[in-house]
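Colleague: I'd like to learn how to read charged pairs and helices in a model like this. Can you walk me through it?

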Amino acid sequence: MGENARVTTGDKGDYQELVDEISELLGAPATLENRNFELIAFGAYDSEGDLDPSALDPVRTRSILTRRSTSAVRHWFEGFGITRATGPVRIPRTPEAGVYRGRICLPVRHRGVVLGYVWLLDYDPGPSEQQLAAAMLVTARIGALLADEAQHGADLTRELRAVLTAEPGWPRDMAVAELRTALGSGADGPHTVVCVAPWPSADPDDAPSVRTLPGARALCAIPWGGGTSHALDAVGGSGQSLVLLVSLRSTDTLTPAVSAATRLLERAAASGSGGAGRTGAGTGGASAQDGTTGRDGPGRTTPGGGGVAAGIAGARTGLAELGTAWAEASAAARAALAEPRLGPVARWAAIGPYRLLTALPPRAAHDPALHGLLSPAHRELARTAEAYLDCAGQAGRTAAALGIHRQTLYYRLSRVEQLTGLDLDDGEDRLLLHMALKAARL
């Protein structure tokens, strides 16, 4: 991607025009980022003296390619006082920090609040004071647009949260009507819901901008463990989940939702590694969420990639079933956390028996027959029983999967029968054991 490329995600026409206006005023390509250092647009400036993209430093290159910067980059630039500045700030070249070219930062403010930054690479002799003053007038217009967008986003967050937390019946129907009005055009088109949980922060400023997520219309954070269905009540815990409403081109493909979920997992991983949740991959790079978790017996997953997973509901048209879609997305995220092979991004349609298990009330899956088997002392027996049932009761496949001798397998299975009182030659007993073991993971 070169300096003359355009960012087209979302409704950015107005921003692009204003950034291009600044580029023309200053005679250099300008870049617009929000206050969380997420890329909004960057301008095209064509002239014989246009900057060679090959001369750009890693900070600018990665900001353009990944559409955001790391928290280290953010804090480094903020150290020059850009959050408090009301006029242009010059930042010197610092090769040891990956900043090979000096910068000029134009703070974008609205009613005294910084909402973003316009950046350009400094050059010799550089823009005059008159040019910079003219560019600052344009940033004021950008600030007004960002303020309007922020208010609209806050309204959508409030309305989406109201739908997901409202009681079934007329309270939810009213909330859906309000959300439909707030969304405007496209509200009744195809969509799905994404749940990322547990989300590392309840601070609204730590949530990514909707504009950085493919197809995103609205997002909000709600408690991870309370909400609109038995599936939510069964989660337990007091963390947060991030919920995203994603528009689709059709109900036949969930590609935008998968892309958005992947980016949210990357953001959560960066947050969990000390990135403050506000910036992602950039100069230093953020380790992508790999979604792996250690499998240490039913219900005993150990976090590997930050212990965060994403669930995607089935596609729908219109908002009438938004509550059901949220329950599906939440259930899929729970399944991915419980069963690593399903994640880190799990679709409701692909989680198999967990579609039923996640809908059970919290205590329904705790069968007394498994009390002894699920104790820490018998962890290996539980793992053996689950593998045996996953292999459809085929001893050879099970022994190979576990790396044990077949006689060792038979001995362990006999111990399972003794502990549970179940007969593994009986179909219904097998069903009970298999479902209970899977439920224990949740």
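Predicted model: local features only at pLDDT ≥ 70, side-chain atom pairs only at ≥ 80, totals over all residues.

Colleague: Are Glu386 and Arg441 buried or exposed?

Modeller: Buried, both Glu386 and Arg441. They also belong to one network, in which salt bridges with shared partners join Glu339, Arg341, Glu386, Asp390, Lys438 and Arg441.

Colleague: How many salt bridges turn up in the whole structure?

Modeller: A search finds 17. One of them is between the side chains of Arg90 and Asp122, at 3.4 Å, N to O. That pair links distant parts of the chain, 32 residues apart: Arg90 is in strand E3 (residues 89-91), while Asp122 is in the loop between strand E5 (113-121) and helix H4 (129-165).

Colleague: And how do I read the cover on such a pair?

Modeller: Look at relative accessible area: under 20% is buried, over 50% is exposed, and in between is partly exposed. Arg90 has 41%, so it is partly exposed. Asp122 has 21%, so partly exposed applies there too.

Colleague: What about the salt bridge between Glu321 and Arg316?

Modeller: Their side chains meet at 3.1 Å, N to O. Glu321 is partly exposed, because its relative accessibility is 45%. Arg316 has a relative accessible area of 12%, so it counts as buried.

Colleague: Which residues of H10 are buried?

Modeller: Leu381, Ala382, Thr384, Ala385, Glu386, Ala387, Tyr388 and Leu389. Just after H10, take a look at Ala392, which has a positive phi of about 60°.

Colleague: Which residues gather in a patch of negative charge on the surface?

Modeller: Asp423, Asp425, Asp426 and Glu428. To join such a patch, a residue needs over 30% relative accessible area and no salt bridge, with like charges joined within 9 Å. Glu428 has a relative accessible area of 66%, so it is exposed. You'll find Glu428 in helix H13 (residues 427-441), the helix that also holds Arg441.

Methods:
Residues numbered from 1 in each chain as written. Heavy atoms only, no water. Patch = residues over 30% accessible without salt bridge, like charges linked within 9 Å, V, L, I, M, F, W, Y side chains within 5 Å. Areas by Shrake-Rupley, 256 points an atom, 1.4 Å probe, with all protein chains shown as cover. Salt bridge = Lys/Arg side-chain N within 4 Å of Asp/Glu carboxyl O. Lys, Arg positive; Asp, Glu negative; His and termini not counted. Charge placed at Lys NZ, Arg CZ, Asp CG, Glu CD. Helix = DSSP H or I, 4+ residues; strand = E, 2+ residues; numbered from the N terminus. Buried < 20%, exposed > 50% of the residue type's maximum accessible area, 1.4 Å probe, protein only.
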